[in-house]
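Trainee: I would like to learn how to read strand pairing and chain symmetry from a model. Can we take one and go through it?

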Number of protein chains: 2
Amino acid sequence: MNEIIVTRAISSQQKLSRRLIREGKTIAIVPTMGALHEGHLSLIRRGRKKADVVVTTVFVNPAQFAPHEDFNRYPRDPKGDLEKIRRAGGQVVFMPDRRKMYPDEYDTYVDVRHLTMTLEGKSRPGHFRGVTTIVTKLFNIVQPDVALFGMKDYQQAMLLKKMTIDLNWPIQFVICPTMREKDGLAMSSRNRYLSPELRRQAPALYQSLTAARKLVRDGETRGSTIIGRMRRIIRQTAPIAEIDYIALTELDSMKPVTIVMKNTVASLAVRIGPVRLIDNMKIA
Amino acid sequence: MNEIIVTRAISSQQKLSRRLIREGKTIAIVPTMGALHEGHLSLIRRGRKKADVVVTTVFVNPAQFAPHEDFNRYPRDPKGDLEKIRRAGGQVVFMPDRRKMYPDEYDTYVDVRHLTMTLEGKSRPGHFRGVTTIVTKLFNIVQPDVALFGMKDYQQAMLLKKMTIDLNWPIQFVICPTMREKDGLAMSSRNRYLSPELRRQAPALYQSLTAARKLVRDGETRGSTIIGRMRRIIRQTAPIAEIDYIALTELDSMKPVTIVMKNTVASLAVRIGPVRLIDNMKIA
């Protein structure tokens, strides 16, 4: 069985990364907020194929939660996480202290402007500024050659890729497919908030996405028709659902799509009772 | 005579830095906008003492100029710069293309919030966002162990130090003393804008600073008295001068100082005809 190195101090991880680099080793980073599921583990396994050492970071980032959001009750399971990372082949885990990452006098933020103005950025003001800032910090601490993110958080993946290019880190950016439960529900640490009844309604997101993809395959190109169908499926499959948004966008630019051509992504955010779920699928 | 390596493509500099790091060499960065003077060269010489290789970057950064400012007429002398860098012992010069650094779709910015709200940040909105963003990019491209900046740009030095700490680059931040002409004028690439008549009035800034320091040494502690004296000296020495601001601040926090204690910096910005000059001095 492999052993894992756990670093907690920022300087410890910086020194470890520096040593690895001087030894000629390549580093992959898998940034997470813990409460790991198969989606995270698929990133770690993929990271092992792309680099010599995979550093998984586990940090529930307060800067990406609004005051009314679920920072305090966000699931935390450091012991379980370490065991899962070890089994997935991860060699290093960076688990920093919140006050070391954001001391009282902390004052520096990174913004990707246009890509953060729509969808999740519009529904959750300030969220992406928190995401881009923590990933900047983690990139600088871990000094990776490769960074891996999941497609489940589509907009996050696109804007972090944009940030990585704009700010010139010499980092290969890898986006991995969404991992799903058997009934199609996208894996998410927040799924554990779902009661059995809500869990039964949660696959509505996936069902609406596959229906959209089928519509396009059958020749439909009108965005409004596709979104209308998705909306009806949500209503029928999940009576409790409140739709936050349903959008069709061009894969990389995230510009709105009205007539579906290639590289169109359907994405949506839906409240299932107290739980806000997001999902997306490339439908063309 | 030493030879220098000139890199122009971002990827060339990234590869060169990576190779140096893998060889166990340490790197110092001296970011400049070219039109080099003895102040810049003192940073290069100091860099040689702190690291194996000094990378001087020469890039007139459009993002830190407002539309009405002097981006287009900012002095440029790449050939002279290379010769000066070589003589000062600099081994690598990174001279990137503007459109490679800021392509049309460029969209990511870094902000240090509180430290940018006063003095230069107040007088030149957006200026420091341009500075923090370009330095982030240069840090990521050059991957230095040490970064050197001049105290002449006091607020810039303080906020870049804050940014480096907040964003966790493993970089030692070194601030070097202001270099001055014989009559005390702080060296600046913009001094070459001064006509002989304006040049004669320009030492007013230095004279007001040394008078402030003397006042404090003689026992004065009231900020308003010190600033009043500075203002009078400027008016007497440089009749053409328009004072933008005169401020007393605590060295690191840059908080305003009303009663002078230790670690107080006097700083000022003054227009001498069409040329805006800044200077500062630790007066306690």
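Predicted model: local features only at pLDDT ≥ 70, side-chain atom pairs only at ≥ 80, totals over all residues.

Trainee: In which sense do β8(B) and β9 of chain B pair, and over how many bridges?

Mentor: In general, the strands of a sheet pair through backbone hydrogen bonds, and the pairing is either parallel or antiparallel. Here β8(B) and β9 of chain B, residues 264–272, are antiparallel and share nine bridges.

Trainee: What is the order of the strands in the open sheet?

Mentor: The order is β8-β9-β10 in chain B, three strands with antiparallel pairing. β8 (241–250) and β10 (275–282) of chain B are the edge strands, each pairing on one side only. From one strand to the next, the twist averages 15°.

Trainee: Which helix packs on the sheet?

Mentor: Helix α10 of chain B, residues 223–237, does, and it touches β8 and β9 of chain B. The direction of helix α10 makes about 155° with that of β8(B).

Trainee: Now the chains. How is chain B laid on chain A?

Mentor: Two copies of a chain are related by a rotation about an axis and a shift along it. For chain B on chain A, the turn is 180° and the shift along the axis is 0.0 Å, with an RMSD of 0.0 Å. That relation is the one of a two-fold axis. Both copies use the same surface: 100% of the contact residues of chain B recur in chain A.

Trainee: Which residue of chain B comes closest to the rotation axis?

Mentor: B:Val110, whose C-alpha is at 2.2 Å from the axis.

Conventions
Residues numbered from 1 in each chain as written. Chains lettered and ligands numbered in written order. Least-squares fit on C-alpha atoms with pLDDT ≥ 70 in both. Contact = placed C-beta atoms within 7 Å. Pairing = 2+ DSSP bridges. Helix = DSSP H or I, 4+ residues; strand = E, 2+ residues; numbered from the N terminus. Axes fitted to C-alpha atoms, helices over the stretch in contact; angles between N-to-C directions.
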